[in-house]
Amino acid sequence: MTLSGKAKLAGIIGWPVAHSLSPRLHGYWLSEYGIDGAYVPLPVAPENIGEALKSLPKLGFAGVNVTVPHKEAAMRAIDELDDNAMRLGAVNTIEINEGGGLVGRNTDGFGFIENLRAGAPLWQPGDGPAVVLGAGGASRAVVAALLDAGVPEIRLINRTLARAEVLAADIGGPIHVIPWSQASDAFDGAGLLTNTTTLGMTGHAPLDVELARLPGTAVVNDIVYNPLRTPLLEQADVLGLKTVDGLGMLLHQARPGFAAWFGHQPEVNEGLRAHVLAGLHGREDKSS
Ligand code: ATR
């Protein structure tokens, strides 16, 4: 469609940003809904992040997404943080309010839980403890979202135990930290297993865990989506367990930003999934 002089503007700030699938994702919705707007990649070096964010209202942007390596640093340039961004210590979505102030949000946990509910509609938070592998930024969003949803216990497993302990203390609630070597003991009685580590991603080591002790009713989810069917999900398939891949987390986390910037509640459907997947397969850089 043709952009008018009144087109609404948004984009994604990262460094590098060329690999990001977000312009393709938002571009699909803009065209699907016939919106007079644009969503562009904005490569910003770390030393320029504060200045770049403060320029956005002056340039007339409605808002932006923020990705690696800026999610924590962006907090310092923000005028107002929502409770979730504050709790997670990271921002992935910024809205510019009527006064030109930057409002920071974090929609990763929303994207995670919406993807889980869409992919495994029978899963209930009360089904049992959730096992979460990894204690990085993505894990923080996942753990907080699961506790908010009402999961009775999180069994948090990470290679670096101290990092998991810090996460548990920061987020609070019924989080039990378990050493990596005892991972399979943690699977007894679990309702959900989610991998938030980079293991299994193209170009990374495989995730080597034995799923046999998971109950037959457990759901297995990987937030890695490149490849879409990770070795973890394949092992779960062989055991007949319900699986949910990671692409939907990327798609769903984008919804609140799009709605705020462009004034239309977007839908995640098969057309969007296929369009974004085609971008994933077509790109040269196969990292996340
Ligand atoms: P993100 O922000 O996407 O979560 P991150 O903060 O770099 O990324 O976290 C990566 C996660 O993958 C961490 O839990 C990391 O474990 P450590 O905290 O011990 O570093 C995990 N990870 C990466 N490579 C790993 C490996 N070879 N074995 C086990 N865990 C690994």
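I began with strands E4 and E6 (residues 102-105), which pair in the parallel sense over 2 bridges. Two strands count as paired if DSSP finds at least two bridges between them. Helices (H or I, at least four residues) and strands (E, at least two) are DSSP runs, numbered from the N terminus. In this pair, Leu 81 stands opposite Gly 104 in E6.

A note on what I am looking at: this is a predicted model, in which local features need pLDDT of at least 70 and side-chain atom pairs count only at pLDDT 80 or more, while totals for chains, interfaces and linings use all residues. Residues are numbered from 1 along each chain as its sequence is written, and side-chain values use heavy atoms, with hydrogens and water left out.

**The six-strand sheet**

Next I traced the sheet that holds E4. It is an open sheet of 6 strands in the order E2-E1-E3-E5-E6-E4, with mixed pairing. Strand E2 (37-43) and strand E4 (80-81) stand at the edges with a single partner strand each, so one side of each has no neighbour in the sheet.

Then I looked for helices lying across these strands. Helix H1 (residues 22-32) lies across strand E1 (8-14), E2 and strand E3 (63-66), and runs at about 175° to E2. Helix H2 (residues 49-59) lies across E1, E3, strand E5 (93-96) and E6, at about 175° to E1. Contact here means heavy atoms within 4.5 Å. Axes are lines fitted to C-alpha atoms, for helices over the stretch in contact, and angles run from 0 to 180 degrees between N-to-C directions.

**Strand E8**

Is E8 buried or exposed? I found that 5 of the 5 residues of strand E8 (residues 154-158) are buried, so the strand is largely enclosed by the rest of the structure. Buried means under 20% relative accessible area, exposed over 50%, and partly exposed in between (1.4 Å probe, protein chains only). Ile 154, Leu 156 and Asn 158 point one way from E8, Arg 155 and Ile 157 the other way.

I checked the neighbours of E8 too. Strand E7 (residues 130-133) runs parallel to E8 and is joined to it by 4 bridges, with Ile 157 as the bridge partner of Leu 133. From E7 the chain crosses through helix H5 (residues 137-149) to E8 in a right-handed β-α-β crossover. Right-handed means that, with the strands pointing away from the viewer, the path from the first strand over the helix to the second runs clockwise.

Strand E9 (residues 175-179) is also parallel to E8, with 5 bridges joining them. Here Leu 156 stands opposite Val 177. The crossover from E8 through helix H6 (residues 161-171) to E9 is right-handed as well.

**Salt bridges**

How many salt bridges are there? I took a side-chain nitrogen of Lys or Arg within 4 Å of a carboxyl oxygen of Asp or Glu as the rule, and the count comes to 11.

Lys 71 forms one with Asp 108, the closest N and O atoms being 3.0 Å apart. Lys 71 sits in the loop between E3 and E4, and Asp 108 in helix H4 (residues 108-119), 37 residues apart. Lys 71 is partly exposed at 22% relative accessible area, whereas Asp 108 is buried at 13%.

Asp 148 and Arg 87 meet in a salt bridge too (2.6 Å, N to O). Asp 148 lies in helix H5 and Arg 87 in helix H3 (residues 83-88), so this pair ties together parts 61 residues apart in sequence. Asp 148 is exposed at 55%, and Arg 87 is partly exposed at 30%.

My last entry is a network of salt bridges linking Asp 82, Glu 95 and Arg 105.
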